[in-house]
Amino acid sequence: MADSSGPRFPLPDGFLMGASTSAHQVEGNNVSSDLWALENQPGTFIAERSGDAADSFHRWPQDMDLLRDLGFNAYRFGIEWARIEPEQGHVSRAAVAHYRAMVRGAVERGLTPVVTLHHFTSPNWFSARGGWLTEDAAELFASYTRTAVEVLGEDVRYVATINEPNMLALVHAMRRAAEQGRPSPTEGGDTGGVAFDPSTVEPSPNMTAALIRAHRAAYRVLKEADPGYQVGWTVANQVYQAEPGAEEIAAAYARPREDVFLEAAREDDWIGVQAYTRHRIGPHGPLPVPEGAETTLTRWEFYPEALGEAVRHTRQVVGAGVPVIVTENGIATSDDERRVAHTERALASLVAQMRAGADVRGYLHWSALDNYEWGSYRPTFGLIAVDPVTFARTPKPSARWLGALARDRHLPCGADRPQHVAASAR
Ligand code: BGC
C-alpha cells in the first residue's frame, strides 16, 4: 500500500470526506426507469443488465454503517425520479418514505447527505414522451423536485440537481447519431458495456439548453422551499489538454462538451467536480492514450493529477467565488493498491489547488461500492467489494486507508512527490 506517512494537509473545518453512489447503479430493480427498459429490451446493445445491482435499495443501512465505521463524515447518494413518480403525476408515497428514511439514516450516523436528484436515468414515461426536449420537461422536473423537497426536509443541505448534464447531452447525441445510421453504440466497448466514441458527435445546443432550463427550474423550487439548501450540479471534467499549437482547437472542442455547463453554474451555490483522467487534444482533435501509459479497467489513462487540473479549470470557468465539492473521483481497477496510489496522488493535486486558494468543501470518492457501470459490472470502482450473489460487503484496504485520512482530518499533500506531480498545480 502507498505510504501515507509523508507530509499532510490538515482539513478545513466542515470538510466533507466520503464516497458517492447513484441510485440506478447500486439499488437494483429500478424497473420504472428508461434505462431498465433499454437494458431489458430484446436484442439490446447493452452488454449486461443492472438486475439487482448491489441491492442497496434494501441494504442501504449496512452501506451507511460501513461508511461511518470506516471514518467518513459524508455520503452522496441519489434518489430516483422513476421510483418517486413511476407514472406521470402519480407519486409513490412508499418511495418518498424510503428516501426520507435514507436521509434520516445518514444524519443519524453522522454522515452529511449530499443528494443527487437525477443521475442519468429518468422515468420511462418521461423519456417515452420525448424526454428533455419536450416543451414542459423543465416543469416536469421541477414538479418532481417539489416532491423531492419532502425527502430532503431540513436534514439535507447539499443538493445536486442533475449529474453530469454534459455526459447526458453527449449520450443523447450519440444515440441520435446512431438512429441516423452514423457510428453507433456497440456491444462491449471501453467498459464492456456501451461503447461510444464521443469525439464523433457533440451535444446539441437544444439539449444543452433544455438541461440548463431544468437545472434552473429545480434550483428555484429548492430555494423557494428552503433558502438554506445549497444547490448545484455536477459536471464531468474531461481535463482537455491542448498539445502545443492546438490551444484554440482544444478550447473549441471543450466548449460544447464541458464549459457551457460550467458557465451555467456561475450563479449556483457550489459546483461538483468529477474527474477521472485527462484527454489530450491535438491539431486534428482527440489523441489516443499515450503509448505505454498505464490504463485502467475502463481503458482510461492512469492520470491522477486530472483531479487538481479539473478543479483549476472549473474555477477558471465558473469563477473562484463558487465553492467546489469533488463529487466523484476514482479508478476502475482490480488492483486495490493502484486505487490507493491513484487516490493519494489525486488528493495531493487537490491539496495543491487548495493551497493556491481553491475553496474546496469536500472530497467524495467514486465509488462507495463496486456497482453497475452502465452496461457492465466488470469495471470495479468501489472502496467496498460486493458479492454479486450474496451481496456481502467487504471493505477493501483502500477504504480503510481513505477512511483513516477522513478520521485523522488530513490529506496527503505529496510535497515529496516527483516534480511532474507538483507541476499539475499550475
Ligand atoms: C458517472 C458515474 C460513473 C463514473 C465512472 C461518472 O461519469 O457519474 O455514474 O459510474 O463516472 O464511469
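Helices (H or I, at least four residues) and strands (E, at least two) are DSSP runs, numbered from the N terminus.

## Basis of the model

This is a predicted model in which local features need pLDDT of at least 70 and side-chain atom pairs count only at pLDDT 80 or more, while totals for chains, interfaces and linings use all residues. Residues are numbered from 1 along each chain as its sequence is written, and side-chain values use heavy atoms, with hydrogens and water left out.

## Ligand surroundings

Of the 13 residues around the ligand (a heavy atom within 4 Å), those that come nearest are Q25, H119, E164, E328 and E373. The shell consists of six nonpolar, four polar and three charged residues; here Ala, Val, Leu, Ile, Met, Phe, Trp, Tyr, Cys and Pro count as nonpolar, Asp, Glu, Lys and Arg as charged, and the others, Gly among them, as polar.

A polar side-chain atom of Q25 lies 2.7 Å from a ligand oxygen atom. For the side chain of N163, the distance from an N or O atom to an oxygen atom of the ligand is 2.9 Å, and for W366 it is 3.3 Å. The protein covers 93% of the 310 Å² of accessible area (Shrake-Rupley method, 1.4 Å probe) that the ligand has on its own.

## Backbone exceptions

Most residues other than glycine have a negative phi, and most peptide bonds are trans. The bond from W366 to S367 is cis, with omega near 10°. S367 is in the loop between β14 (360-366) and β15 (384-386).

R409, in the loop between α13 (397-408) and β17 (410-412), has a positive phi near 60°. At 24% relative accessibility R409 is partly exposed (between buried, under 20%, and exposed, over 50%; 1.4 Å probe, protein chains only).

Note on methods
A polar contact is a pair of N or O atoms within 3.5 Å; within protein, one must be able to donate a hydrogen and the other to accept it, and residues adjacent in sequence count only if both atoms are side-chain atoms.
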